[in-house]
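Here is a short report on strands, sheets and core packing. Please have the sequence and the model open while reading.

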Amino acid sequence: MDDKSFTRNNNVAFRTIEGTTFLASPYSKKIYPLNSVGNFIWNNLEKTINFRDLLSNICNEFDVEKSVAESDLSEFLEELQKERLIK
Amino acid sequence: MNCLTVSDLEKATYQKKIPFDALIELTHFCNLKCIHCYCVTENRPLLSLDEIESLLQQLAELGCLSLTLSGGEVFLRKDFFEILEIARKKHFIIRVFTNGTLITEGIASRLADFSPVETELSLYAADAKIHDTITRVPGSFEKTCQAVKYLKENGLDVVIKWIIMKNNLLEHPKLTQLAKDLGVSCRSDTLIFPRNDGDKTPLEQRLSDEELVSAYKMLGKPVLQEKAVVVAPQERSICGAGHATCSISPYGDVYPCVQFFLKFGNIREKSFKDIWFDSEAAREWRTLNTFADLPVCRNCSIIGDCMRCPALISLEEGSYLDAGRENCRCARAKAEARKELAYRKEPI
């Protein structure tokens, strides 16, 4: 998992409105609001990034234990992939 | 992750006056000559690619997410794919309105690269002759149907839509079946508007009172609910136009909605932001929120059935504050259709 790379699906629409970023899937027509951590991850996904670097960036930015961040990140990326928001 | 629909977000942005949903008419030129069409080409230059890019940037900065590109016929613009490219780079949800007649296999494939959330095509009949009589271009039915197939083959979500009018009233069930056969969604409406220059010729296609009742009986849910919706005037919103939605004409005029000619301003003269927030017309319009704000409508007993359209009312009555005879007629027809359907359900 550490070396696995991720990036945004370029066809996903998104907009930050009053501090909240909303992702819009062209496939399911659903809209996903992101919290501040989700927003941070989404910004990091602008360019291709591997899991290890992404995790490290999160730990540097937020006051969180690495094991908790790792589990949450893994789950979040899985959801984004399932909805084809990232590749 | 929590999820929302576009409609949820539209409601959330309504109060904050965020132009969440924008429709840009790229041109009024069209290769069809539909008998009911409202577009009138003007002797003013169309927005250039640079002007459209600047507009999209401004809309994105204000929180606009949902973008509809409409015409006239959008594929008549040679720079249409460049516009799509800019819209994609600025991360909009893209919806395209077209008559489909210029869509080849190659164009459908190029369009698919931009993943529009929906591509909506106008198809007025399941019978080629009737459709072509409405568009006044022989062969247009075949081309539009072929376009639907090309778009579907490229994995795009397609909606076919039509106006129910005198010339195609009996086509409604056949069109619904055709949509099913083609594997696409469908949508229809009964409202016919005068042309943008006030010409009332399209209104000749409006259904009579009896035909309207029959149309609503055919449409059924969700247009016609089994029971009349009883709603207090202060609970019934007027229209989201100009609050969370806006329309920009091919010449840069900013309106609350496509045919709601309450001009907020022109993007060639002022920034979109200044127009959206500072226009006197916008501010005045936004003081109206529910039917309780409308003296002529607040005591009406059928507001639950009324799809009050301020654009149509302005065009026909002169002021968006008026009641709107056509909307009233439609609401009465719905009530009558419901009565007739309920009567039929009673045991003999």
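A:Ala24 touches residues of both chains. Apart from neighbours within four places in sequence, A:Ala24 is in contact with A:Val12, A:Ala13, A:Phe14 and A:Ile31, and also with B:Leu65 and B:Ile93. The model is predicted.

A:Ala24 also belongs to the largest nonpolar core, which has 105 residues. A:Leu23, A:Ala24 and B:Ile94 are the residues with the most contacts inside that core.

**The sheet in chain A**

Three strands of chain A form an open sheet, in the order S2-S3-S4. The pairing is antiparallel. Strand S2 (13–17) and strand S4 (31–34) of chain A are the edge strands, and each pairs on one side only. Neighbouring strands in this sheet are turned by 20° against each other on average, direction ignored. Between S2(A) and strand S3 (residues 20–24) of chain A there are 5 bridges. One bridge partner pair is A:Ile17 with A:Thr20, the latter in S3(A).

**Strand S3 of chain B**

How many of the 6 residues of strand S3 (residues 93–98) of chain B are buried? The count is 6 of the 6, so the strand is largely enclosed by the rest of the structure. In a regular strand, side chains alternate between the two faces of the sheet. Both faces of S3(B) are covered. On one side lie B:Ile93, B:Arg95 and B:Phe97, and on the other B:Ile94, B:Val96 and B:Thr98, all buried.

S3(B) has a strand partner in S2(B) and another in S4(B). The table sets out both pairings.

| Strand pair | Bridges | Direction |
|---|---|---|
| S2(B) (residues 66–70) and S3(B) | 4 bridges | parallel |
| S3(B) and S4(B) (residues 118–122) | 4 bridges | parallel |

B:Thr68 stands opposite B:Arg95 of S3(B). B:Thr98 faces B:Leu121, a residue of S4(B).

Helices link these strands. S2(B), helix H3 (residues 80–89) of chain B and S3(B) make a β-α-β unit, and this unit is right-handed. From S3(B) the chain crosses to S4(B) through helix H4 (residues 105–112) of chain B, in a β-α-β crossover that is also right-handed.

**Helix H11 of chain B**

Helix H11 of chain B spans residues 310–317. Its buried residues are B:Pro310, B:Ala311, B:Leu312, B:Ile313 and B:Leu315. After H11(B) comes B:Gly318. The phi of B:Gly318 is positive, near 105°.

Conventions:
Residues numbered from 1 in each chain as written. Chains lettered and ligands numbered in written order. Predicted model: local features only at pLDDT ≥ 70, side-chain atom pairs only at ≥ 80, totals over all residues. Core = buried A, V, L, I, M, F, W, Y, C linked by C-beta atoms within 7 Å. Buried ≥ 20, exposed ≤ 12 C-beta atoms within 10 Å, placed from the backbone. Contact = placed C-beta atoms within 7 Å. Helix = DSSP H or I, 4+ residues; strand = E, 2+ residues; numbered from the N terminus. Pairing = 2+ DSSP bridges. Right-handed = clockwise from strand over helix to strand, strands pointing away. Axes fitted to C-alpha atoms, helices over the stretch in contact; angles between N-to-C directions.
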